[in-house]
Amino acid sequence: MSKRRLRTRGQPAALAAIEAMLASHVPHALLLVGPTGVGKTTLANNIARALLCQAPDPADRPCGECRSCRAVDHGNHPDLHRLTPSGAGGVIPIGGRDERGVRDLVSDLALLPVEGGYRLAIIEAAHRMTEDAQTAFLKTLEEPPARSVLILCADDEERLLPTVHSRCVRIRLGPVPRRDVQAIVVERGLADAAAAARYARVAGGRPGAALSYAAAPEAGITRAEIARGLLDLRAASRTERLTGVRELATRAAALVKALETGATRVAAEDGVAAVTPVSSRRGGRRASAAAEPVTTAEAPAEAADAEAPDLLPGGKAIRVPAAERRAAALALVAVWRDLLRDVAAIAAGEPRLVRDVELLDDLERAAGGTDARDVGAALRRLDLAGERLEGNVSPELVLDVLALQHGR
C-alpha cells in the first residue's frame, strides 16, 4: 500500500493522475494548469520530492523524511532547477545575459544528475514566458535530456504557444473546497479556525491566496475598505465615481503590496523564493484574485511609464511604474467582480455563497431591487475590462469607463 506523503489538498483528480504516473511512468513534460494560488507549485514540489526521494520502496516516495525530500523542501536540491518571473516586467526572459532565463535552465538540464537520479525543472508562472523564451524552450521539450522531467505551472495555457502545451501532458487543478483551504491555513499556524474560515471564503478556493491573506492581515482590511468604497459609489454622481474609483485604485495598489508581503512570508517559511502572486482573468475564464502584477512582453515598460498618471487624490503628481498601475487596476477589478457576485448571491437568496460575510448588511441593502440582468451585464463589463488591462490598454482609461458605468 502506498505511503506517499503528497501535500496537495482538495485536488482528487489531479492527485489520482499523479499517483498513476508515479506508479508507472512520469512523462518528460507536465503542464499544471489552474487559477492562481490553487496549488500548482505545491503539486510540482510533490512530484519533485517523489522522483528525487531516496526511500527504498518506490511506493513510499516521497517519504518526506530523507535528505532529498528535505532538500527539495528547502529549495537547495542540486538536481532541481527552478525558473520564475523576474525584473520590472515580471516575465520569464530568454536569458543568457545578465538575467536568468530559459537558456540558463536549458544549460542546467544538460548536465548529468548530481545524485544519479532525475534532473527536474519547475517553471513557475510559465504563461509569463516571453514568446522568444518559449521558442527557445521548444527543442528541450521535443528532445529532453535523459531522465529529466519538465514541470510547467501556468494560470492560463492560452498564453503558451500551441507548440509548447501540445508537447506536455496537461493536468488541470480547480478551486479547492473551502474546508480544505481553512484546514491548510490552520495547520500552517497562521490563523485560528474563525479567521482561517474568513480567509478561505475570500480566497475563493485558492489556498495560496488564503495563506497570503493570513500572513498579511492588513490585506483583508484593505480589501474590505475597497469593497465598501465600491458599494458607496453606486449612488454617487459621475464626478464622484470618477474620483472615487481613482482613489480606490491607490488602495488596490496597497492591497497588491500587502499580498506580496504575505506571499513572501509564506515562502520564507517554506524555504523557497516567493513568486509574485498572479491573478488576472481573461474573458471570465480564470478565477479572480486580489493581486496580479502583470506586464506583457509586447508592451515595454518604458513606453507605458511615459503615461505614468496622477494616482493620488488632490492633484499630487506621482510617477508609478506601469506594472504597478496595471496590477492595482487588475486587483480593483477582481474585488469589484467578487463584490457583484456577492450581491447576486444575496439577491438569489444564497447568502451562504457570499465571500465578504462582514459586509452582509451592506450587501443586503445593495441587493434590494437588484435585477439579475444588470448584475450579469456588469460582470461582463468587468471581464472585458480585465481583457483590456491584459492587452495593455491604459489602466486609467479602463477604470474611468467602469466608474461611469458603475451603479447603472
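**Entry: the end of α8.** I began at Gly-204, which sits just after α8 and takes a positive phi of about 60 degrees. I noted that this is a predicted model.

**Entry: helix α8.** Next I went back into the helix itself, which spans residues 193-203. Which residues of α8 are buried? I listed Ala-195, Ala-196, Tyr-199, Ala-200, Val-202 and Ala-203. They lie on the same side of α8, because they cover an arc of only 165 degrees around the axis. I recalled the general rule: an α-helix has 3.6 residues a turn, so residues three or four places apart point the same way.

What do the buried residues of α8 pack against? I found three partners: α7 (178-187), α9 (207-215) and α10 (217-232).

**Entry: cysteines.** I then looked for disulfides. A disulfide is a covalent bond between the sulfur atoms of two cysteines. The cut-off I used is a pair of sulfur atoms within 2.5 Å. The count came to 0. Cys-53 is in no disulfide. Its nearest cysteine sulfur belongs to Cys-63, 3.6 Å away.

Is Cys-53 buried or exposed? I read 6% relative accessibility, so Cys-53 counts as buried. I checked Cys-168 too: its relative accessible area is 11%, and this residue is also buried.

**Entry: the chain overall.** I counted 16 helices and 5 strands. Of the 408 residues, 51% count as buried. The chain exposes about 17,900 Å². Carbon and sulfur atoms supply 53% of that area.

Last, I looked at contacts between residues at least 6 apart in sequence. Of these, 70% join residues at least 24 apart.

Definitions and conventions:
Residues numbered from 1 in each chain as written. Predicted model: local features only at pLDDT ≥ 70, side-chain atom pairs only at ≥ 80, totals over all residues. Heavy atoms only, no water. Buried < 20%, exposed > 50% of the residue type's maximum accessible area, 1.4 Å probe, protein only. Helix = DSSP H or I, 4+ residues; strand = E, 2+ residues; numbered from the N terminus. Arc of directions from axis to C-beta. Contact = heavy atoms within 4.5 Å. Areas by Shrake-Rupley, 256 points an atom, 1.4 Å probe, with all protein chains shown as cover.
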